[in-house]
Amino acid sequence: MHNGQIVHIIEDDAGVGESLSLLLNSAGLETRLHSSAADFLHSCPPPGGCVVSDVRMPGMTGIDLLGEMKNRRMPQPVILMTAFADVPQAVRAMKLGAVDFIEKPFDDELMVSSVRAALVRRVGDTAIMAHEKLEKLTARERDVLEGLLQGKLNKTIAHDLGVSVRTVESHRANLMVKTQARSLSELIRMSLLAEGVDLEA
């Protein structure tokens, strides 16, 4: 087990929850299943560990849960997972404190590494560190980043900038390398930090 830290899985689909629990257990992580966000909150979980929650659930959604945890000053890092991801939703989740936003069906290694990172997380990129990474981008890479943060597709960004889709893909790959972001959600988080948005409160 991971130093006794519990991964709280909040998923209304029992099959998905049990499958994720088995995956994390096989990686040596201790899990606890909750069928709803309300069930998790009522369990009065200790401050350690982390939370992996579905976004779309009956009653309180994953986004609602983030807001409630923030109000209650619950310190557990939260990873959200959804089959219907969109960038504006991810931006909202990050502003409420989510540490990652993973699309279903997810890659097993990505999920395990994200959970491990959440369990050892203290304070991620500071605003200064995020700003320094984004300073490495060219003007055109910044244009592509702005399009991505608005939820635009590569072809839409290409049309707006008057370049080819391949050029946009090249700029997108370059900005991921320069910022060392492993995923779009990490890039979103970095951009929000650089803008001075408080993601830790």
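User: How far apart are the mean positions of the positive and negative charges of the protein chain?

Analyst: This is a predicted model, in which local features need pLDDT of at least 70, side-chain atom pairs count only at pLDDT 80 or more, and totals for chains, interfaces and linings use all residues. Residues are numbered from 1 along each chain as its sequence is written, and side-chain values use heavy atoms, without hydrogens and water. Lys and Arg count as positive, Asp and Glu as negative, with His and the chain ends not counted; each charge is placed at NZ of Lys, CZ of Arg, CG of Asp or CD of Glu. For the 22 positive and 27 negative charges, the mean positions are apart by 5 Å.

User: Is Leu-193 buried or exposed?

Analyst: Buried means under 20% relative accessible area, exposed over 50%, and partly exposed in between, with a 1.4 Å probe and protein chains only. Because its relative accessibility is 7%, Leu-193 counts as buried.

User: What distance separates the C-alpha atoms of Leu-193 and Ile-128?

Analyst: Along the chain, Leu-193 and Ile-128 are 65 residues apart.

User: How many residues does the largest nonpolar core have?

Analyst: A nonpolar core is a set of buried Ala, Val, Leu, Ile, Met, Phe, Trp, Tyr and Cys residues joined through side-chain atoms within 4.5 Å. Phe-40, Leu-65, Met-69, Leu-80 and Ile-188 have the most contacts (heavy atoms within 4.5 Å) inside the largest core. That core has 39 residues.

User: What share of the residues of the protein chain count as buried?

Analyst: The protein chain has 201 residues in total. Of these, the share that count as buried is 44%.
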